[in-house]
Amino acid sequence: MNNTLKKITPFLILSISSIIWAIIIVIKEKELGWGIFAVVTLIVIGIFLFAVDFGLKKWLKNYKKIFLTELTLALLIIVIYSYKFNRTKTLIIPAEFDKSYVTIVYGVENSKDLSISALTWNKKIEIPKSGILLTSSDFNENLRETDIKMDSGIYLNSDQTEKGFTRLTESEFKSNGRVFKFRSWKIQNQPCCFYTTKEIDEYKTQLVEKFERKASR
């Protein structure tokens, strides 16, 4: 293997690709606006990877060691990034779902556990027609990303349906001396979704009423 090929390493490829991507964005976008941050980020990443690649070549010297080290680091970063940002829960609603909100209330005794562990990558969660799911799971038993799809297989926020959704601010309410945390998503026709503080307060009041009626049965 000649000296030129020996210089081709995963980080060098990623570094060059990152800088080229930044240049393409500058050329294609007439007005960058907030895109300038993406350009700067890509350039910084490119320079950083180039510096790390240079350092490893000086330190390890052996091409195979350099290549395997960089490949391992790159795969490790991808796995960590995917674990942190791509773990997804998919809320499944009936195709004829007519509610404006989907809510999961946590810490409810004698309710079904979501069975989400540190090793769970994707989880399907069926939402009842009422739009309110009670679970005994802890509030922190959660996956970062959320998809919502109908039981027919059509995803909201897609070009297959007019319906879209957005996540509301996580909140809590008090009932019978206990505090229950919950997560809610609003469903609305696209473009989605618009709501006011008053609207959310009204929904929270309705949620507590429905929760207490169900708990008293």
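Let's start inside this predicted model, where the largest nonpolar core has 19 residues. Leu-91, Ile-93 and Val-102 are the residues with the most contacts inside this core. Strands S1 (88-93), S2 (101-105), S5 (145-150) and S8 (178-189) are the elements that each give two or more residues to it. Apart from this core lies another one, of 13 residues, including Val-108, Phe-180, Val-208 and Phe-211.

Now zoom in on Ile-93. Leaving aside residues up to four places away in sequence, Ile-93 touches Val-102, Ile-127, Ile-148, Lys-149, Met-150, Asp-151, Leu-156 and Ile-187.

Next, find Thr-161, in the loop between S5 and strand S6 (163-167). Is Thr-161 buried or exposed? Buried means under 20% relative accessible area, and Thr-161 has 17%, so Thr-161 is buried. Again without counting residues up to four places away in sequence, Thr-161 touches Met-150, Ile-154, Tyr-155, Leu-156 and Gln-190. A polar atom of the Thr-161 side chain also lies 3.1 Å from the backbone nitrogen of Lys-163.

Finally, follow helix H3, which runs over residues 35-60 and has 26 residues. From its first C-alpha to its last, H3 reaches 37 Å, close to the 38 Å expected at 1.5 Å a residue. The buried residues in H3 are Val-39, Leu-42, Gly-46, Leu-49, Asp-53 and Leu-56. Look at how those numbers are spaced. An α-helix has 3.6 residues a turn, so residues three or four places apart point the same way. Among the elements that cover the buried residues of H3 are helix H2 (10-28) and helix H4 (63-85). After H3 comes Lys-61, with a positive phi near 70°.

Technical notes:
Residues numbered from 1 in each chain as written. Predicted model: local features only at pLDDT ≥ 70, side-chain atom pairs only at ≥ 80, totals over all residues. Heavy atoms only, no water. Core = buried A, V, L, I, M, F, W, Y, C linked by side-chain atoms within 4.5 Å. Buried < 20%, exposed > 50% of the residue type's maximum accessible area, 1.4 Å probe, protein only. Helix = DSSP H or I, 4+ residues; strand = E, 2+ residues; numbered from the N terminus. Contact = heavy atoms within 4.5 Å. Polar contact = N/O pair within 3.5 Å; in protein donor to acceptor, adjacent residues only side chain to side chain. Expected span 1.5 Å × (residues − 1).
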